[in-house]
Amino acid sequence: MILDRLSNADTYANAGGELALAFEFLRQGDFEDFSTGRHEVHGERMYMMLNRYTTRQSAEIPFETHRAYVDVHYIVSGRETLFWEDLNAMPLGEGYDSDGDAELFRYSGGLPITLEPGMFVVLYPWDAHKPGCT
């Protein structure tokens, strides 16, 4: 996991995946013009999932992991808590969904990380995470 502000993103451009391209896209900003949902950035190799939501209690949200993609969360506005845990600490998952590239886990632990506008977190396949929490 990498946690930082977009202003420092060049430090991590070679940290796996195509992070340099992702950071370049995020710097373009202007996300108000995008509708909620999936938008291709670089074909199937990279896409953005734009979410607009109200945070919820952490007990309502499962942990998730991804196998095919490195997951970058960027906060445009608002504030949320993301819980992080090493995949090896997770209980048995609910089964991997290859179409959605996700496996869900019910787990009540994890390290809480507060994310504010301008911050990003890079999550690798071994980084279980639970975003969108109050």
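I began with Asp4 and found that Asp4 stands opposite Phe120 in β10. I am working from a predicted model, where local features need pLDDT of at least 70, side-chain atom pairs count only at pLDDT 80 or more, and totals for chains, interfaces and linings use all residues. My numbering runs from 1 along each chain as its sequence is written, and side-chain values use heavy atoms, with hydrogens and water left out.

**The sheet**

I then looked up the strands (DSSP runs of E, at least two residues, numbered from the N terminus). β1 and β10 (residues 119-123) run antiparallel and are joined by four bridges; two strands pair if DSSP finds at least two bridges between them. I read the order of the open three-stranded sheet as β1-β10-β5, with antiparallel pairing. Its edge strands are β1 (2-5) and β5 (71-74), each pairing on one side only.

**The largest pocket**

Next I checked the largest pocket, which holds about 1600 Å³ of space. A pocket here is an open set of points on a 1 Å grid over the protein atoms alone, where a 1.4 Å probe fits, with protein on both sides within 12 Å along at least five of seven lines; lining residues have an atom within 4 Å of a point. The volume is the space filled by probe spheres set on the points, which are joined across faces, edges and corners.

I noted 49 lining residues, with Met49, Asn51, Asp71, Val72 and His73 nearest the centre. β3 gives the most to this lining, five residues. β5 and β8 (102-105) are among the elements that each supply at least two.
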